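Good morning, and thank you for joining. I would ask you to keep the sequence and the model in view while I speak.

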Amino acid sequence: MKKVSLLFFTFWLATAAIAQVPALIDRQLIFGDPEIIGAQLSPDGAYMSFIKPYKGTRNIWVKKRDDPFTAAKPVTADTTRPIASYFWSRDGKYVLYVQDKGGNENFNIYAVSPSEGLKASTVPAARNLTDVNGVRTAIYRVPKTDPNTLYIGLNDRDKAWHDLYKLNLTTGEKTLVRKNTDRVTGWIFDWDDKLRLATSTAADGSSEILRVDDAGMTKIYSTTIYETSYPIGFHKDNQRVYLVTNKDKSDLQKLILLNPVSLKEQSVESDPMKKVDFGSILISEVTREPIFTTYTDDRLRRYWKDKLFEKDFQFILRELPGVDILFGSSTDDKQYWLLSATSDTDPGATFLFDRKTKELTFQYRPRPKLPINDLARMEAIRYKSSDGLEIPAFLTLPKGLDHKNLPVVIVPHGGPWARDAWGYNAYHQFLANRGYAVLSMNFRSSTGYGKQFLNAGNKQWGEKMQDDITWGVKYLIDQGIADPKRVGIMGGSYGGYATLAGLAFTPDVYAAGVAIVAPSNIITLLNSIPPYWESVRKTFYERMGDPNTPEGKAQLMKQSPLFSADKIKSPLLVVQGANDPRVNKAESDQIVVALRDRGFPVEYLCAPDEGHGFARPVNNMAMLALAEKFLAKHLGGRFQESMPENVANRLKEITVDVKTVQLADKKP
């Protein structure tokens, strides 16, 4: 067995607290391009791929598995937008990825040949396999029985619904399999890659699971708009399907088996601690048996089903003590695995594990220059909201400072039907290094804590949901951690809305806010959702409010920060992507104009080549440079004055003169 070096362990475990305040960490080390990320093994294990910058943009590289990373060659050469993710075809002939234009989320599928790329003297051109403008491609199945194909969805016929196609990876030929006239949202295939089930959304917003037969489709399971159910794969018998559900009296999501023909149900598993929803299940493609299940609580919990895998896992833990192990890519025969070892103070290291020889070999660290010894620990906490509801949250306190009377930045998550979890968080570390206490909370409407907790947020934007955030500030003040006069709030998407709502509805709580791709008017937000979100429109109306009814419109106007902009009295920085299909640019323009017209100072960044969040590093670094200076000015934390010339130039280019902002439409 090849041991992990003592030097690595010394580096890994040297996280003891230090007395002095850590040096200012260059934001480039936290948010700049990682050196290497996203490694994957080819299905046969002959090659390893990964993402690394090429000519200033993140691209896909490939090398032989046992070669050094210096022997790798780029197989893509996208110069306009980073490649975020990719995957191998089943036979290893192609590496496939999706890309949009400027953040518009109309994704196309691209293919490259890694073997040809390694032989070529120049980077080969990627082939656009879908190549349809204004169409969003969905990927449903990467079939093992026919490795030269993908099953995909295209909304070329109807922008709201995706028809099912079979895509030939060699020729790019697309063959229509099923026209989607039944509000289908997904297609489920069995172990033999036969289409067996579909998921759909009924007109009333309820979710349905349909059995696909030669004669048509039959509804076999349904849940109301206030419940959740979804299939995640077939049992090894290839007849029953694993289904996650919280139907009827069940509050927490659980795992069951459903027979699509007899409709007989069998309970499989729910949280042994009865605290959180069922998380995930990993099923071996070799044995078709479950390997483990997971639950996301204050920390990730894993329950092993395969004893041989569990034995390997315990071996890995002995080799890499004190970290969380996350499993990534593996070979088809499951001999080789890539895994990441990470923690709240470390973005991680990637290792290759040979299950046959028990050899664990270090591969790379994504951010090797990041001084992890200077990073701050994250703590899971609980506090009560305005009505007594317990709110799970995660708190990071700056290292080397007395944890009393600190400036604070509240960072609510987006969604809002999402959640925060314990682990390495770049924003937490960035802000803690600048001297702030940082708090993120799973306010009501967050997922993972049962349907009662989720549904407690229905129609509560800006009200009880905002209370859950406000009472987090109160908790920090009561604990003596927060200086009440130096509390800021910063977030994106729903977190951006919460930022605007915090400044508008609780103007005495926050001293500053940074709103990133933030809805300011929920009515215009709902009226401009992308057409391919039609399946969740009714859900939005039930969970947020219906702008088509007088009472719904009145409620949404009350909850929209735009209509309380006259109450904002703390400085605001607004950040927007011009091509955002989810939160249109008009959302930011509206709040900027409302503040400008009353003579209130507001700063505005808008990138013409971005969508829902900044993907291009130069744009992101410009935004962060301005944001930390903005927060330092109004909250008193530290900030890094220097920035590369290209970032400084970009900051000038995307800074909007608010005097020039004009509204395209009148607000309702």
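Glu227 is in contact, meaning heavy atoms within 4.5 Å, with Asn246, Lys247, Asp248 and Lys451, once its neighbours within four places in sequence are set aside. This is a predicted model, in which local features need pLDDT of at least 70 and side-chain atom pairs count only at pLDDT 80 or more, while totals for chains, interfaces and linings use all residues. Residues are numbered from 1 along each chain as its sequence is written, and side-chain values use heavy atoms, with hydrogens and water left out.

Where is Glu227 found? Glu227 belongs to the loop between β16 (216-223) and β17 (229-234); strands are DSSP runs of E of at least two residues, and helices are runs of H or I of at least four, numbered from the N terminus. Glu227 counts as buried because its relative accessibility is 14%, the limit being under 20% with a 1.4 Å probe and protein chains only. The side chain of Glu227 reaches the backbone nitrogen of Asp248 at 2.8 Å, and one of its polar atoms lies 2.9 Å from the backbone nitrogen of Thr224.

I turn now to a sheet. Four strands form an open, antiparallel sheet in the order β24-β25-β26-β27, where pairing requires at least two DSSP bridges. β24 (324-330) and β27 (359-364) are the edges; each has a single partner strand, so one side of each lacks a neighbour in the sheet. Within the sheet, β25 (residues 336-343) and β26 (residues 346-354) pair in the antiparallel sense over seven bridges. Ala341 stands opposite Ala349 in β26.

Definitions and conventions
Buried means under 20% relative accessible area, exposed over 50%, partly exposed in between (1.4 Å probe, protein chains only). A polar contact is a pair of N or O atoms within 3.5 Å; within protein, one must be able to donate a hydrogen and the other to accept it, and residues adjacent in sequence count only if both atoms are side-chain atoms.
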